[in-house]
Amino acid sequence: MNETLSPLADASAIEVKYPLSVKAVMIDLDGTLLDTASDLATAANMMLREVGRAELPPETIQSYIGKGVEKLVKRSLTASMDGEPEAELFDRAMPIYERDYAKTLCVDTRPYPGVLDGLGALRESGFRLACITNKAEAFTLPLLRATGLLEFFDLVLSGDTLPKKKPDPMPLLHACKQFNIEPGEMLLIGDSLNDAQAARAAGCHIFCVPYGYNEGRDVRELDCDAVVATLYEAAKLIRKSS
């Protein structure tokens, strides 16, 4: 394969030639590696019941995923994307949600189709792998362990590992430093605006999957180098650079 694909969302960007040469791959967790929406929604509705609010349809809660747990709780409490609940209510709801999500963490959560094959192909090709997520470490590591994905990763950066998280480029640049590579030698695979903004700010390549949690918006509208159907398809579009 030696074709040239035009960028999907930014006509002014430089064309990317495939297979893309990179040295390492960073991968988002929720909506990219794991389908966590059902368990997140179950915990949100458990929290809403306890604080005396009406439950929400799971698909509504799924549209709230993408900006971290605090934003998910605020959106669930106000039943809106940009609502701001009373501080006292939020302060009461947040620990309830975290307690409930610990209970539902891996009831229905599963890797997406192509994830295990994709991770295996990336490993076989010699890529170093990092999982970079905004989810707290207390949830990230148990999830990766329970779903059998932890062993694939050389590095795991959670939302509370560093002072800043995506869309800030800090976690991506930290991973590049840990792997001793330049940002242009790194690819991020994600599912949301957070991922695209972080990658562009860091100077990394970015692929997006179409099945994740981009707050209900089409990832084809994002500034990414490619939209890939699965992680396994992403592995076919890159090669290990020396």
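The legends below describe views of one protein chain in a predicted model.

View 1. Along the principal axes, the C-alpha trace spans about 55 × 35 × 30 Å. Of the 242 residues, 50% count as buried. Contacts between residues at least 6 apart in sequence include 65% that join residues at least 24 apart.

**View 2. The surface and the charges of the protein chain.** The chain carries 26 positive and 36 negative side chains. The centres of these two sets lie 3 Å apart.

**View 3. Six strands form an open sheet with parallel pairing.** Strands of a sheet pair through backbone hydrogen bonds, either parallel or antiparallel. Here the strand order is β8-β7-β4-β9-β10-β11. At the edges are β8 (155-157) and β11 (226-227), each of which pairs on one side only.

**View 4. Strands β4 and β7 pair within the sheet in the parallel sense.** Strand β4 covers residues 24-27 and strand β7 covers residues 128-132. Four bridges join the two strands. In one of these pairings, Ala 24 has Arg 128 of β7 as its bridge partner.

**View 5. A cis peptide bond joins Tyr 18 and Pro 19.** Its omega is about 0°. Pro 19 lies in the loop that runs between β2 (16-17) and β3 (20-22).

**View 6. A cis peptide bond joins Lys 166 and Pro 167.** For this bond, omega is about 15°. Pro 167 belongs to the loop between β8 and α7 (170-179).

**View 7. Ala 79 has a positive phi although it is not a glycine.** The value of phi is about 55°. Ala 79 sits in the loop between α3 (69-78) and α4 (87-104). Ala 79 has a relative accessible area of 45%, so it counts as partly exposed, since that class lies between 20% and 50%.

**View 8. Glu 215 has a positive phi although it is not a glycine.** Phi is about 55° at Glu 215. The residue is found in the loop between β10 (205-208) and β11. Glu 215 has a relative accessible area of 12%, so it counts as buried, the cut-off being under 20%.

Definitions and conventions. Residues are numbered from 1 along each chain as its sequence is written. This is a predicted model: local features need pLDDT of at least 70, side-chain atom pairs count only at pLDDT 80 or more; totals for chains, interfaces and linings use all residues. Side-chain values use heavy atoms; hydrogens and water are left out. Buried means under 20% relative accessible area, exposed over 50%, partly exposed in between (1.4 Å probe, protein chains only). Contact means heavy atoms within 4.5 Å. Lys and Arg count as positive and Asp and Glu as negative; His and the chain ends are not counted. The place of a charge is taken as NZ of Lys, CZ of Arg, CG of Asp or CD of Glu. Two strands pair if DSSP finds at least two bridges between them.
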